[in-house]
Amino acid sequence: MESVGDHLKVMLKVFRRECHKVLHSERTTIHGADDMLMVLQLAIAEVNKQHGGEFKVALSDVLMAWKHLLLDKLHLPPPGSARLENYDLILEAYESFLKRSNTVDLVDVFSMYKRLRLVESDPEEPVSSIQLFEFLSGSMEVSELPDSSVPSTPSSKSRSCSSQMKMAVRRVFCSYLNLLVNSKNDMALAQTLDVPSRALGRQAFTDLKHAAHNSNNSLFLAVTSFVRAIQLGGKGYAPAESDPLRKHVKGLSDFVQFLDNLDEILGEIPDPSACGARLVAAIRAALVKGRSSGDAVYAAADETTKELKERICQLHQIQKQTANGGGTGISPARPRAYAINHATAYGGRDTVKVLMALLDEEASTPLCRNKAELLSEDQPVLNGAEGSCILTLFRSPEVSAGCSPEPLKNRVQSRLELLKPKAKDRVIRSQFACTYKDEDLPLNRVLEFPSTSQVPTCVPPAPKPTNMPAVDEDEDEEETATAKPECLNKEQSAEQQGAAAPAALGQRSGNAQNRGAAGPGNKKKAGVQTQSKSNKRKQVDSDQHGGSENEPPQKKQPTVKVPAKTVSKASSKKKLIAGQGKLTSFFRV
């Protein structure tokens, strides 16, 4: 007698063959009973967060909503128990998650079967509504379940743990294959993002979830677009430094690189049996890397790999026989008229058919007997960290609402402690301390000299005092004695101007006859020139003897008017040769 699972496989085969008539994408995948229950748990938690403030849900509420959901979608009489408070919102959130992930559940497949089946060849109703409800709710007889789920030996505890580990490992294998077929499946990405360990925990998944929500994309598209922008984008297109995903670049890049390797295998190997074996072997190698042969994950991965390889080869043979017999098969690759490569790929098209048939069979498996193990946080450890369920992974690690975990006073005090400057230890420097880069001056040192005008500068040393020669002292006394008071009469000043004018004209004139002509004016001018020359010789002699005239010229003092002879005599004494003061001060230093 055929079981309900076998009838479900027939229904799924017809649906896959004709799904292009009712679905926009032919790569739509199907959620089994376990995935439907986990999606419902997420929908209830999301509604509780919107109304209650916490992303949590009780197991009893999930089971009650699960029963109402199945009866409503199968159009069966409702149970006697009352519905949850926000049941309509929960149902809306459940359907929204399926639509966003490009997936359907088994109840949707059952509803579409009547429209898709062929009247001549396909059975009218392989499974009834009541049978499907019992299958999904887990109330069917134990004899119809696989033998592995009913331990009968005394070592029931060890066998149940082994069964739970094998179920978790098999779910990871199917999730990777599901991403190759349907990249929008957020549930499959959540189960494979950090398996094996890539340091992508709850915080990384939360940042990725927020990025996908802000861009209105799936989780997989958010990951690939971020990694591609990092790898291929220029300075203007790269993500900002403040992007939260920047902290998880390495893990996200490893995840995308692994999926790229699987895509290359899918497109390069034309034989579906060989390609499927290579894909399963690549996933196994990633899971068992760094583990010993005695590890539970290692043993479960080996056993799952062997089973999947055999089943992929069987499905390939069945499809070949169907194609040779003239059947239509379950091709998911029917190109639209407006797009040659719509919802599929040229490379690996036959392998995609086999993988979708394998995933449809996985969706027809019965519900897990222990629903608490499936929905609780006590999950098998596959990534080297603590095992966590889907609900814990989708829950944000930050506090969503309510009071702050730390009082405001303590937070302000801790912030002030961080801003307070710390005392730096004195560093012992070597004799080459002058080669080190000096640290910045403290603020008080900077404020002491706000401008460069206040910075002290080097003051040249004062000139050494020298003894004045006796000749200069006599000359100074003579200058003082011959000096006249300022109030002279107008006649003397007129005579001085008259004597100075012909002297200036005689000096500027270039006529030799005027120079050689004899006259009282010329004789007087010649006498003045001879007297100035003799004064210059006296000045040179006194400089050679070390007089005080070598000092640099000082500030001029106001002088009184004196006769022309006295002025010319005094100026000739104090006049220096050009450059004499600079040379003297240089050699003095």
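**View 1. A nonpolar patch on the surface, built from Leu 408, Val 412, Leu 416 and Leu 419.** To join a patch, a residue needs over 30% relative accessible area and no salt bridge; nonpolar side chains (Val, Leu, Ile, Met, Phe, Trp, Tyr) are linked within 5 Å, like charges within 9 Å. A salt bridge here is a side-chain nitrogen of Lys or Arg within 4 Å of a carboxyl oxygen of Asp or Glu. Leu 408 sits in helix α17 (residues 408-419), and its relative accessibility is 55%, so it counts as exposed; the cut-offs are under 20% for buried, over 50% for exposed, and partly exposed in between.

Keep in mind that this is a predicted model, with pLDDT of at least 70 required for local features and 80 or more for side-chain atom pairs, while totals for chains, interfaces and linings use all residues. Residues are numbered from 1 along each chain as its sequence is written, and side-chain values use heavy atoms, leaving out hydrogens and water.

**View 2. Helix α1 packing on helix α5.** Look for residues 4-18 (α1) and 106-116 (α5): their axes lie 9 Å apart, at an angle of about 70°. That makes the two helices roughly perpendicular, a label for angles from 65 to 115 degrees. The axes are lines fitted to C-alpha atoms over the stretch in contact, with angles running from 0 to 180 degrees between N-to-C directions. Helices themselves are DSSP runs (H or I) of at least four residues, and strands (E) of at least two, numbered from the N terminus.

**View 3. How well covered is α5?** Mostly: 8 of its 11 residues are buried. Among them are Leu 106, Val 107, Phe 110 and Met 112, along with Asp 108 and Tyr 113.

View 4. Going from Val 195 to Pro 196, the peptide bond is cis, with omega near 0°.

**View 5. Asn 102, another non-glycine residue with positive phi.** Its phi is near 60°. Asn 102 falls in the loop between α4 (87-100) and β2 (103-105), and is buried, at 17% relative accessible area.

Key:
Accessible areas come from the Shrake-Rupley method with a 1.4 Å probe; for residues, only the protein chains shown count as cover. Buried means under 20% relative accessible area, exposed over 50%, partly exposed in between (1.4 Å probe, protein chains only). Angles under 35 degrees count as roughly parallel, over 145 as roughly antiparallel, 65 to 115 as roughly perpendicular and the rest as oblique.
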